[in-house]
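Please read them beside the sequence and the coordinates.

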Amino acid sequence: MTQLPARTDKKLGLVIDLDTCVGCHACVISCKGWNTENYGAPLSDQDPYGANPSGTFLNRVHSYEVQPNQGEAQLIHFPKSCLHCEDAPCVTVCPTGASYKRTEDGIVLVNESDCIGCGLCAWACPYGAREMDVAEGVMKKCTLCVDRIYNENLPEIDRQPACVRTCPAGARHFGDLGDPDSAVSKLVADRGGVDLMPEQGTKPVNQYLPPRPKDRLAAASAEDIDILAPFLEPVAQEATGFLGWLDRTLEKL
Amino acid sequence: MHPALSVIFFSTFSGLGFGLLVFLGLGYPGVTGWSAFAFFAIAYILAVGGLISSTFHLGHPERALKAFTQWQTSWLSREAWCAVIALLLMATYGAGLVFLETRWTILGIVGALFSLATVFTTSMIYAQMKTVPRWHSPLTPAYFLSLCIAGGALLAGQVTWAVILLLVAGVIQIFTWGIGDKAFAQSGTDIASATRLGNIGKVRAFEPPHTGTNYLKREFVYVIARKHAQKLRIIAGLLMVVLPLLLLLLPFNHYFALLAVVSHVAGVFTSRWLFFAEAEHVVGLYYGARTQAG
């Protein structure tokens, strides 16, 4: 059913901390691993060991350089997967009803046995969250690991999306963003979490925490007088011995 | 956007076919018997042939019937309904003309309206895409509909209407290109809003997620050389509008009319290729494309 629910009981989603992400791509690999071996069609690769490899991924990590007006450029790693939007444009364009948003938790899913592989949902998504699997001819997307988070066969600590569970830096957080008292909602409020492409009107559930300001050691040392500074002055101002002779000789040439 | 040949074939030929059905439904030309059969055969070959070719880009064409279920939200589903209704109505209307020499006027008019509605729903599939600013405009339905009826008039042999409608289609095409070229920059979506890092400084894509290509880059980050685009626009405009107009204004001759149709079809095909190839999807921003557009 491609009509979006008027409201969902929960808004399950991710909070991604751009300050903490180290760009290791562990979330990409764990996502590919879990979602190839579990729910739905496997995530195929084409020509994986050949000259032109490509494949289906539900989570990819981009890296951006940001150059401030003053100071050094910063490198920011930027993981991106489905944002499980409240006004998901991918759902309403689907002609078959294969795409849907769940009323109980807001997760956007694809019923693969109804998908005709027309690709229109991927066109409608501004984030590139949906990828057509070349081998299966059906649309693949992040399921928020719906087969992990409610899975009572797993130990409780593992009942989170694979990307969150595997992140060694703690840059990914999972929870109910519709509950203002949840840990993720408080984190978003504390850190000023933002929507990606808010002008597209998709109302993404996933939130991104912007990088914190970097240390400014150079600027700080110019302002503060360090009592140890006199002891750190170079001891020898003029070169002596062999190097001194070399310096004077080269000067004469 | 990747210009998929099956989709370009579909929208070019089914647009022409439904355009011819519009004129036949309104009774221009008022043919019956075998000559009506010939006109209807051409219209159905174009419209149905186009529709069949559109299923070639599906991952699972055997499930295509499911596309009739979501007409409440999906323009693709609405298109499927309109096409089937238009083809059934016009088949009944055509059977009356061919076999009974009878014109069911109201049936023809309703069939013509559904033929137009089919092309309108096709155009809305593209016009609804906020992710492709060039398409997200009322000019997109205007472009599809004006070419549909201009081509229909040409195929129906309605010279006066063809001249007027070709001129209208040409003007709309020029506006579609001119305004479309500015649409991405005016959409408000850029790499700063895509990453939300713009308040720190100037954002540049440093490293893509993978060294290889992927579905998103193949489908959405198609880039056409600007100088080729200009040449192709001129070729499209000449073939689609200018040459058919000249041929129509010459004293009538069946070979000239055929040549006008062939030239028009080739022009629409080129224009439709550009419609896809020049369309910039916002997801390209994440891959460092389109940053010079602003």
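1. I begin with a single position in this predicted model, Leu216(B), which is placed in helix α8 of chain B, the helix that covers residues 215–220. Leu216(B) counts as buried, because 24 C-beta neighbours are found inside 10 Å and the cut-off for a buried residue is 20 or more. Once neighbours within four places in sequence are left aside, Leu216(B) is in contact with Val221(B) and Val283(B), and also with Gly128(A) and Glu131(A) of the other chain. The C-alpha atom of Leu216(B) is separated by 9.5 Å from that of Tyr287(B), although the two residues are 71 residues apart along the chain.

2. Which residues does the contact between the chains take? On one side there are 54 residues from chain A, and on the other 44 residues from chain B. In chain A, at least two residues of the touching side are supplied by each of β4 (59–67), β5 (74–81), α2 (89–92), α3 (120–124) and β8 (131–132). The largest share of that side, eight residues, comes from β4(A). Sorted by class, the side of chain A that touches chain B holds 30 nonpolar and 18 polar residues, together with six charged ones.

3. Strand pairing also crosses from one chain to the other, since β4(A) and strand β1 of chain B, residues 202–207, pair in the antiparallel sense over five bridges. Within this pairing, Gln67(A) stands opposite Lys202(B), a residue of β1(B). In general, strands of a sheet pair through backbone hydrogen bonds, and the sense may be parallel or antiparallel.

4. Chain B has 10 helices and one strand. Read from the N terminus, its elements follow the order α-α-α-α-α-α-α-β-α-α-α. Its radius of gyration is 21 Å, which agrees with the value near 19 Å that a compact globule of 294 residues would have. The C-alpha trace spans about 75 × 45 × 30 Å along the principal axes of chain B, and buried residues make up 48% of its 294 residues. Among the contacts in chain B between residues at least 6 apart in sequence, 75% join residues at least 24 apart.

5. One helix pair in chain B can be described in detail, namely α4 (residues 105–127) and α5 (residues 139–155), whose axes come within 8 Å and cross at roughly 145°. The crossing of α4(B) and α5(B) is right-handed. From α4(B), the residues that take part include Leu116(B), Val119(B), Phe120(B) and Met124(B), while those from α5(B) include Pro141(B), Phe144(B), Leu145(B) and Cys148(B). The residues of this contact divide into 10 nonpolar and three polar, with no charged residue among them.

6. How many helices and strands are there in chain A? Chain A has eight helices and 11 strands. Its radius of gyration is 26 Å, well over the 18 Å that the globule rule gives for 253 residues, so chain A is more spread out than a compact globule. Along the principal axes, the C-alpha atoms of chain A fill a box of roughly 85 × 50 × 40 Å. Buried residues make up 44% of the 253 residues in chain A, and residues 24 or more positions apart account for 61% of its contacts with a separation of 6 or more.

7. Chain A also contains an open sheet of three strands in the order β10-β1-β11, with mixed pairing. The edge strands, each of which pairs on one side only, are β10 (172–176) and β11 (207–209) of chain A, and neighbouring strands of the sheet are turned by 25° against each other on average, with direction ignored. Strand β1 of chain A, residues 12–17, runs parallel to β11(A) and is joined to it by three bridges, with Val15(A) opposite Gln207(A). Helix α6 of chain A, residues 183–191, packs on this sheet and touches β1, β10 and β11 of chain A, its direction making about 120° with that of β10(A).

8. On the other pairing in this sheet, β1(A) and β10(A) are antiparallel over five bridges, and Leu14(A) stands opposite Phe174(A) in β10(A). The strand β10(A) is mostly covered, with four of its five residues buried.

Technical notes
Residues numbered from 1 in each chain as written. Chains lettered and ligands numbered in written order. Predicted model: local features only at pLDDT ≥ 70, side-chain atom pairs only at ≥ 80, totals over all residues. Rg over C-alpha atoms; globule rule 2.2 N^0.38 Å. Buried ≥ 20, exposed ≤ 12 C-beta atoms within 10 Å, placed from the backbone. Contact = placed C-beta atoms within 7 Å. Nonpolar A, V, L, I, M, F, W, Y, C, P; charged D, E, K, R; others polar. Pairing = 2+ DSSP bridges. Axes fitted to C-alpha atoms, helices over the stretch in contact; angles between N-to-C directions. Left-handed = near helix turned anticlockwise from the far one by under 90°.
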